[in-house]
Amino acid sequence: MNARSIARFGLAFNACFERYMFVFIPASLVSGFLLSPFLFDLTFLVPFLFAYLTFVMAMGCGWEQMKSAFRTPAPLALTFALAHVAAPWIAYETGVLLFGPNSPYVVGLVLFTAIPLGVSSVIWVSMSGGGVPLTLALIVLDSALSPFVVPAIVSFYFGTDIAFDRIGVMKDLLLIVVAPTAFGVLVNELSKGRAKPWSAPVTAPTSKLVFAAVVMINAAAIAPHVLALKRDMLLLVPVVIVLVAVCYALGFVGALPLKNAQHTIALTYSSGMRNISLGIVIALGHFGPHAAVPVVMSILIQQPMATLHHWLLERYMRRKRIRPSGGVPSAAIRE
């Protein structure tokens, strides 16, 4: 195969993976459970793999996009409030009501809402005709703030009730999120935006494979603990399903006052999708396997929920006669 054929294959593979991500990612999770004895010892690779994922994502965001996002701070502030203020409160209150204040599952539910926004939300925003530059800026900024946001949220809700290495969490987030994010944005700037499309035939498919590998290895690490908690899963799985759905709903309803279709789509997916792979890394490394269980379960739910929401969003837009890709002005969305 020549270079052009390899490039075409890489882009075609990436497009296929993105289209069927709601199948591939849960399949990777199940594969990790089944292959746990063989993958368990590979957990040391996860931080490096995740750093590569973050770098590839950040190459798509330049300084101009960041400045553009700062010129309209309302969507940024609103997304942060919905994702990291409203959602953690709902997660905590629900978890305490169902599992009690001392349950590690409550920590896991809150941690799911504290981790940064999900990179894969860009794919869904693009398919739905939303504001991709805004979404990229939201992800980059939220990732950069994560060393402060994640420990602050956990400390706020649990205080001294749980012991965790706050500095260690911050260091891990700096190394596997902030540093590769900054490097990716720098590469974008130095290449004047050409690095991402130029490298896409290689970086796009390999980043998807790395994403699947991270999910598989983390699933393998937690598999023995999940199998020992079969009875708890009967309650925990429905709770996680509802929490993920609530995060999507918060983004959609909260964005309606902006009356801008592209912003509504961007905020809905951004607040609904979280960086699950990072959440598992942090949960396993600092809070224990029981706290990681709700985060792991969300992998099975987040992508299928995005598919359902995409269908609902399209129906809503058609009913309201809204064209999101057209940059709908201020009269776009209203109940």
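Leaving aside neighbours within four places in sequence, leucine 111 is in contact (heavy atoms within 4.5 Å) with Val150, Val154, Gly279, Ile282, Ala283 and Phe287. The model is predicted, so local features need pLDDT of at least 70 and side-chain atom pairs count only at pLDDT 80 or more, whereas totals for chains, interfaces and linings use all residues. Residues are numbered from 1 along each chain as its sequence is written, and side-chain values use heavy atoms, with hydrogens and water left out.

Leu111, Phe158 and Tyr269 have the most contacts inside the largest nonpolar core, which has 95 residues. Such a core is a set of buried (under 20% relative accessible area, 1.4 Å probe, protein chains only) Ala, Val, Leu, Ile, Met, Phe, Trp, Tyr and Cys residues joined through side-chain atoms within 4.5 Å. A second, separate core of five residues includes Phe55, Val56, Val187 and Ala195.

Helices H8 and H9 pack at an angle of about 165 degrees, with their axes 9 Å apart. H8 is therefore roughly antiparallel to H9 (an angle over 145 degrees). The residues that make this contact are listed below.

| Helix | Range | Contact residues |
|---|---|---|
| H8 | residues 121-128 | Ser121, Val122, Val125, Ser126 |
| H9 | residues 132-158 | Val132, Thr135, Leu136, Ile139 |

By class, the contact of H8 with H9 has five nonpolar, three polar and no charged residues.

Alanine 245 lies in helix H12 (residues 230-255). Because its relative accessibility is 29%, alanine 245 counts as partly exposed (between 20% and 50%). Its C-alpha atom is separated by 31 Å from that of glycine 168, 77 residues apart along the chain.

Conventions:
Helices (H or I, at least four residues) and strands (E, at least two) are DSSP runs, numbered from the N terminus. Axes are lines fitted to C-alpha atoms, for helices over the stretch in contact, and angles run from 0 to 180 degrees between N-to-C directions. Angles under 35 degrees count as roughly parallel, over 145 as roughly antiparallel, 65 to 115 as roughly perpendicular and the rest as oblique. Ala, Val, Leu, Ile, Met, Phe, Trp, Tyr, Cys and Pro count as nonpolar, Asp, Glu, Lys and Arg as charged, and the others, Gly among them, as polar.
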